Amino acid sequence: MTREEKLTIFKETGALQEGHFLLSSGLHSNIYFQCALVLQYPKYAELFAREIADFFKDFDFETVISPALGGILVGQEVARLLNKRSIFTERSDGFMTLRRGFTLKENERVLICEDVVTTAKSTKEVLEVVQKFGGVAIGLGSIVDRTKEKPDQDFPFFSTIKITAETFNPDNCPLCNQEIPIIKPGSRK
Ligand code: ZN
């Protein structure tokens, strides 16, 4: 798929919206991205996950691990395509951990999968869980890369597309100055 084809799918499914948005951080942005809106169509989940799977198909690993909730669908799909095991981390009392009886063996090689990587904070949390179990992360695959700086990790990072947004301080927002109504994404109208 070309970048244009991917952007068309994101726009048609509503995953990528352009306008004037209030982010949960309090900043304003010209772009809002909600990956769940593209992943709600399994055919698209497969299409994007296949690019991640193709990139990592010759890497040596046994298991795909993803942070709940957004990463689970991507991890499951990549694992299905490569016939690997798929598990996910989730928060318990604020800490990322493995629950539900999921476990990793000592030296088990894992691929971390996410829907969107923005600050790489969740990646770092998943990596800590992997290391706690004695596992080894061999790579990070994500549908969308929204990072502003290259994540600081010593394994390959593959994403199917890079989408960066402009963010503005509310006091100094050109979209506010143009009196474009602001939308709080995900809230009910
Ligand atoms: Zn604004």
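The count of disulfides in this predicted model comes to zero, where a disulfide is a pair of cysteine sulfur atoms within 2.5 Å. Cysteine 35 is in no disulfide, and the nearest cysteine sulfur, that of cysteine 113, is 12 Å away. In general, a disulfide is a covalent bond between the sulfur atoms of two cysteines.

Residues are numbered from 1 along each chain as its sequence is written. Because the model is predicted, local features need pLDDT of at least 70 and side-chain atom pairs count only at pLDDT 80 or more, while totals for chains, interfaces and linings use all residues; side-chain values use heavy atoms, with hydrogens and water left out.

**Cysteines**

- Cysteine 35 has a relative accessible area of 2%, so it is classed as buried (under 20% relative accessible area; exposed is over 50% and partly exposed is in between, with a 1.4 Å probe and protein chains only).
- Cysteine 173 is also buried, because its relative accessibility is 1%.

**Glutamate 77**

- Glutamate 77 is part of helix α4, which covers residues 70–82. Helices (H or I, at least four residues) and strands (E, at least two) are DSSP runs, numbered from the N terminus.
- With a relative accessibility of 12%, glutamate 77 counts as buried.
- The side chains of glutamate 77 and arginine 80 make a polar contact at 2.7 Å. A polar contact is a pair of N or O atoms within 3.5 Å; within protein, one must be able to donate a hydrogen and the other to accept it, and residues adjacent in sequence count only if both atoms are side-chain atoms.
- Apart from neighbours within four places in sequence, glutamate 77 is in contact (heavy atoms within 4.5 Å) with Ala45, Glu46 and Ala49.

**Backbone geometry**

- Most residues other than glycine have a negative phi, and most peptide bonds are trans.
- The peptide bond between alanine 68 and leucine 69 is cis, with omega about -5°. Leucine 69 sits in the loop between β3 (63–67) and α4.
- Asparagine 107 is not a glycine, yet has a positive phi of about 70°. Asparagine 107 belongs to the loop between β5 (95–98) and β6 (109–117), and is exposed because its relative accessible area is 52%.
- Alanine 120, which is not a glycine either, has a positive phi of about 70°. Alanine 120 lies in the loop between β6 and α5 (121–132), and its relative accessibility of 10% makes it buried.
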